[in-house]
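Welcome! Here is a short briefing to read alongside the sequence and the model. Take your time and look up each residue as you go.

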Amino acid sequence: MRRALIPLLCLLASGCGDDDAPTPEEALPGGATTVHDTTRNAFALAARNLQGERRDAFFVGNALFNRNWVTAPASTEGLDGLGPTFNASSCAACHFKDGRGKPPTEPGEKPLSLLFRLSIPGVDASGGPLADPVYGGQLQPLSILGVPAEGQVALSYSTHEGQYADGTPWSLEEPHYTLENLAFGAPHPELRVSPRVAPVMIGLGLLEAIPDAALEKLADPEDRDGDGISGRVNHVWDVQAQAVRVGRFGWKANQPSLSQQNTSAFRGDIGITSALFPDEDCPPVQTACQQAPKGGTPEVDEQKLEQVTFYSRMLAVPARRDADVPDVLRGRSLFREVGCASCHVPRHETDTLEDAPELSGQIIFPYTDLLLHDMGEALSDHRPDFEATGSEWRTPPLWGIGLVKTVNRHTRFLHDGRARSLEEAILWHGGEGEKARERFRNLSATERAQLLRFLESL
């Protein structure tokens, strides 16, 4: 995008509408790591500036990310130990093409990329959610031979209708979840269930490279500036460091690092133990689970974990499309005027990392503050997670969001995939997002289309 072209296009689009004029860097949201790809593989590419042996290491990690784990014992040394209970047999099963998961949308479809966190009132030894004594911290609908699967979840929907200020009607579908076929009887009477779809994998290394101090500076828990936005940092337990750290990954920012995020997912989603999480998620009542054969102690070694983490750290962000189109530029201005940028903070700069020069000193545009925000009762899961309340969620990054339909063949958004479009995702905003939602609701049809066109360009 040429600098001289931007002011002219802003004028053609009736003005950019803010002092923060677009810059050429915005078309490359991942900085020097950005790739130019609009195909179904747009989320699965290595950082553009990754070279030589480090690029080879990326593909080793990619193979492990896509590899199916098998039941122990097996001749496939180092890749057995699946389960005993689990959600999927590989990382890629939920993060298909490194993209976004979705809830079931067809009759009889299983919620493969939609999992359900479980907890009861109280906190565990690290200050996190306290697992259900019967079903553990996550419902496992699958199991190996000879071990009962924990149960299933049935989905139903109710419809909420409304209209824009100009009279245009809209409708939203609210999901309702029912636990069925529970193998070990009733769970705790105060069970808390939180549905979570698998998020997009792109740019995670860049998000990890944003300094903690930058996130703390963005936080405004007391809303001292009076804008109605009171983002908070989730301070969580770092298992490896044995210390409290800033959380930034997961739907409630409950993980401090990619390494811990990945290692936790190996245990929770696939049933693979590690040095960091050496115990299977087999509550005492699940005796067959406890007695099932293991794939080693631990089941995944540090080298494989490092390879998968390196892969997830180096996944590139796709370049924007149509960033200099007048309607997109007008939508960019409206995004700020409506108030979306208060939480979906456009610009960050990464720190200097000795072990990741590709990610160091990059100007990036992820459109997130990685902070917790109260999104209102309608989106609450009523399940605290470290310092996050039931109604608080981490601001999800928006980069690449316009390519989800291409990569994953759907347009389901929010933490549980309830929104069937970007438009519906905005309309679900409550709490701190209510003012922005109402401003969006009061836009003209043309302005709404321009704002959505901007989002689709990201």
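Let's begin with a cysteine: Cys 94 has a relative accessibility of 11%, so it counts as buried, because buried means under 20%. Please keep in mind that this is a predicted model.

- Cys 94 takes part in no disulfide, and the nearest cysteine sulfur, that of Cys 91, is 8.7 Å away.
- Cys 91 counts as buried too, at 15% relative accessibility.
- How many disulfides does a search of the whole structure find? The search finds one.
- That disulfide joins Cys 282 to Cys 289, with 2.0 Å from S to S.
- The link of Cys 282 and Cys 289 is left-handed, with -55 degrees about the S-S bond.
- Cys 282 is buried, with a relative accessible area of 13%, and Cys 289 is buried at 1% relative accessibility.

**Strands and sheets**

- Look for an open sheet of three strands, which has the order β3-β2-β7 and antiparallel pairing.
- Strands β3 (129-130) and β7 stand at the edges with a single partner strand each, so one side of each has no neighbour in the sheet.
- Strands β2 and β7 run antiparallel and are joined by six bridges.
- You can find one example in Ser 119, whose bridge partner in β7 is Arg 192.
- Elsewhere, strand β8 (residues 235-238) and strand β9 (residues 243-246) run antiparallel, joined by four bridges.
- Val 236 has Arg 245 as its bridge partner in β9.
- β8 and β9 form a hairpin with four residues between them. In the turn, Gln 242 has a positive phi of about 55 degrees.

**Helix α9**

- Does the length of helix α9 (residues 326-338) agree or disagree with what its residue count predicts? At 1.5 Å a residue, its 13 residues should span 18 Å, and the end C-alpha atoms are 18 Å apart, which agrees.
- Ten of the 13 residues of α9 are buried, so this helix is largely enclosed by the rest of the structure.
- The buried residues of α9 include Val 328, Leu 334 and Phe 335, and also Arg 330, Arg 332 and Arg 336.
- Just after α9 comes Gly 339, which takes a positive phi of about 110 degrees.

**Cavities**

- How do we look for empty space? Rolling a probe the size of a water molecule over the atoms shows where such space is left.
- The structure holds six cavities of 30 Å³ or more.
- The largest cavity contains about 760 Å³ of space.
- Its lining has 40 residues, and those nearest the centre of the largest cavity are His 95, Ala 198, Pro 199, Met 201 and Gln 261.
- Which element gives the largest share of the lining of the largest cavity? It is α6, with eight residues.
- Sorted by class, the lining of the largest cavity has 25 nonpolar, ten polar and five charged residues.
- The second largest cavity has a volume of about 70 Å³. Among the residues that line the second largest cavity are Asn 87, Phe 116 and Val 153.
- The lining of the second largest cavity has six nonpolar, three polar and no charged residues.

- About 920 Å³ of space lies in the largest pocket. It is lined by 33 residues, and Asp 124, Pro 129, Ser 264, Arg 267 and Phe 277 are the closest to its centre.
- The lining of the largest pocket divides into 14 nonpolar, ten polar and nine charged residues.
- The second largest pocket has a volume of about 670 Å³. Of its 38 lining residues, His 344, Met 375, Thr 395, Pro 396 and His 429 lie nearest the centre.
- The element that gives the most is α12, with four residues.
- By class, the lining of the second largest pocket has 21 nonpolar, ten polar and seven charged residues.

Technical notes: Residues are numbered from 1 along each chain as its sequence is written. This is a predicted model: local features need pLDDT of at least 70, side-chain atom pairs count only at pLDDT 80 or more; totals for chains, interfaces and linings use all residues. Side-chain values use heavy atoms; hydrogens and water are left out. On a 1 Å grid over the protein atoms alone, a cavity is a set of points where a 1.4 Å probe fits but cannot get out, and a pocket is an open set with protein on both sides within 12 Å along at least five of seven lines; lining residues have an atom within 4 Å of a point. Grid points are joined across faces, edges and corners, and a volume is the space filled by probe spheres set on the points. Helices (H or I, at least four residues) and strands (E, at least two) are DSSP runs, numbered from the N terminus. Ala, Val, Leu, Ile, Met, Phe, Trp, Tyr, Cys and Pro count as nonpolar, Asp, Glu, Lys and Arg as charged, and the others, Gly among them, as polar. A disulfide is a pair of cysteine sulfur atoms within 2.5 Å. Buried means under 20% relative accessible area, exposed over 50%, partly exposed in between (1.4 Å probe, protein chains only). Two strands pair if DSSP finds at least two bridges between them. The expected span of a helix is 1.5 Å times one less than its number of residues.
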